[in-house]
Amino acid sequence: MSPSVDRDLLIVAAVCLAVVLVALALAVLVGRWWLRVTDARRARLVASARPWLVQLVAGDDEDPVVVERLVAVDPRTWRALEPVTVAMLGKVRGEARTAVVGLLERRGSVERAMRGVHRRSAVVRARSAHLLGAVGGPGTTAQLVRLLGDRDLEVRAVAVRALGRLADPMSATALVHGLLRTPPLPHHLVMAALRQIGPAAVPPLLAAVDRADDLVRAQVAEALGLVGAVATAPVLVVMLRIDHSTEVRLRAARALGRIGAPVSVDDVIAATSAREPLALRVTAAEALGALGARRAVPVLADLVGDPVHWVAHTAAASLAAIRPDGVAALTRLAGRSGSAARHAQEALVAANAKRLLATVRP
């Protein structure tokens, strides 16, 4: 092939590349322009009806008239206003919330959401789940539980958040089972949802305590602490004592600190032993501060002199949380020399700063 042909091919390729780049740039510019136009149009539509929505939430005497106006707005305006209406459900209570839910029902939004969870589009299923979680009502929990097994990860995540918002005890078992399935539901979302459900989540969690998977048992221990049921302390103590997994024992210690059960103090103290893994020692020292037990003060005072920095640092911080005995122990340690004195001084300064901040915070 001659050099002139090569040059011609290069020129053609360069021109084609330039055309493609220009086309892409134009597409980006047009896309951004269209988004701005769409957002501006949506904002105008919302602005035209927002005063009525605010009046409805305010509970003025004109409620029936306001509702009828909102029910009568054209479909295009309602499509723009519906997300704003749903968002308001998280900010209002009592009669105002009832009025907003009633509006969504009259506009058919709830019925569409109940149908939307079966649609092929993942975006529609996620939006429907979000609305159902905000509105609640008969049949809502069952639909959201079904979505926990959805093929789309984002839909599953929205369903978990929605169930947490509803805090329906009937969903606790399904959420716990979601930790056991493959792939599991997002751990942090399930933990938050179980915490919102509260003690009603304890039975399914206890049923999963003996699972073979270390991660599952660790998550169960964490969830029991978040739920905060004092009656589960004996189960957590057993996990702390004998479980073969350090991660399970660590989360059990943290959970016992959150629960604040006095029956667990001796076992948490034992977990600070130098024979135990470092991560567990640090977590147990922190849990002792959360427990606030006076008999843990001598143990924590000894740990402030531990050669491992994080053990000593955490023990000093825990002493500062146990008043007045822990603070008195820190004061004595601060008057000495060495690393223990430095940790004690740092903990006292941090505690004083925290207390001062609390007094000036509005």
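D243 counts as buried, at 15% relative accessibility; buried means under 20% relative accessible area, exposed over 50%, and partly exposed in between (1.4 Å probe, protein chains only). The side chains of D243 and R217 meet in a salt bridge, 2.8 Å from N to O. A salt bridge here is a side-chain nitrogen of Lys or Arg within 4 Å of a carboxyl oxygen of Asp or Glu.

This is a predicted model, in which local features need pLDDT of at least 70 and side-chain atom pairs count only at pLDDT 80 or more, while totals for chains, interfaces and linings use all residues. Residues are numbered from 1 along each chain as its sequence is written, and side-chain values use heavy atoms, with hydrogens and water left out.

- R217 is found in helix α12. Helices are DSSP runs (H or I, at least four residues), numbered from the N terminus.
- R217 is buried, with a relative accessible area of 5%.
- Salt bridges that share partners join D214, R217 and D243 into one network.
- Leaving aside neighbours within four places in sequence, R217 is in contact with V209, D210, R211, A212, M239, D243, H244, S245 and V248. Contact means heavy atoms within 4.5 Å.

**Other salt bridges**

- A search of the whole structure finds 13 salt bridges.
- Side chains of opposite charge can pair when their charged atoms come close.
- D150 and R125 form a salt bridge through their side chains, at 2.7 Å from N to O. D150 lies in the loop between α7 (140–147) and α8 (153–166) and R125 in helix α6, so the pair ties together parts that are 25 residues apart in sequence.
- Both D150 and R125 are buried.
- R294 and D325 also meet in a side-chain salt bridge, 3.0 Å from N to O. R294 is in the loop between α16 (278–291) and α17 (297–303), D325 is in helix α19 (residues 325–334), and the two are 31 residues apart.
- R294 is exposed, with a relative accessible area of 59%. D325 is partly exposed, at 25%.

**Helix α5 against helix α6**

- The axes of α5 (residues 109–116) and α6 (residues 122–135) come within 8 Å and cross at roughly 130°. That makes α5 oblique to α6.
- Axes are lines fitted to C-alpha atoms, for helices over the stretch in contact, and angles run from 0 to 180 degrees between N-to-C directions. Angles under 35 degrees count as roughly parallel, over 145 as roughly antiparallel, 65 to 115 as roughly perpendicular and the rest as oblique.
- The crossing of α5 and α6 is left-handed. A crossing is left-handed if the near helix is turned anticlockwise from the far one by less than a right angle, and right-handed if clockwise.
- S109, V110, R112, A113, M114 and G116 in α5 meet V124, R125, S128, L131, L132 and V135 in α6.
- By class, this contact of α5 with α6 has 7 nonpolar, 3 polar and 2 charged residues. Ala, Val, Leu, Ile, Met, Phe, Trp, Tyr, Cys and Pro count as nonpolar, Asp, Glu, Lys and Arg as charged, and the others, Gly among them, as polar.

**Helix α13 against helix α14**

- The axes of α13 and α14 come within 8 Å and cross at roughly 145°.
- α13 passes α14 in a left-handed crossing.
- On the α13 side, the contact involves A233, L236, V237, M239, L240 and R241. On the α14 side, the residues are V248, R249, A252, A253, A255, L256 and I259.
- The residues of this contact of α13 with α14 divide into 11 nonpolar, no polar and 2 charged.

**Backbone features**

- Most residues other than glycine have a negative phi, and most peptide bonds are trans.
- The peptide bond from R323 to P324 is cis, with omega near 0°. P324 lies in the loop between α18 (309–321) and α19.
- A167 has a phi near 55°, a positive value in a residue other than glycine. A167 is found in the loop between α8 and α9 (172–180).
- A167 counts as partly exposed, at 28% relative accessibility.

**A207 in helix α11**

- A207 is found in helix α11 (residues 202–207).
- At 67% relative accessibility, A207 counts as exposed.
- The C-alpha atoms of A207 and K91 are separated by 36 Å, with the two residues 116 apart along the chain.
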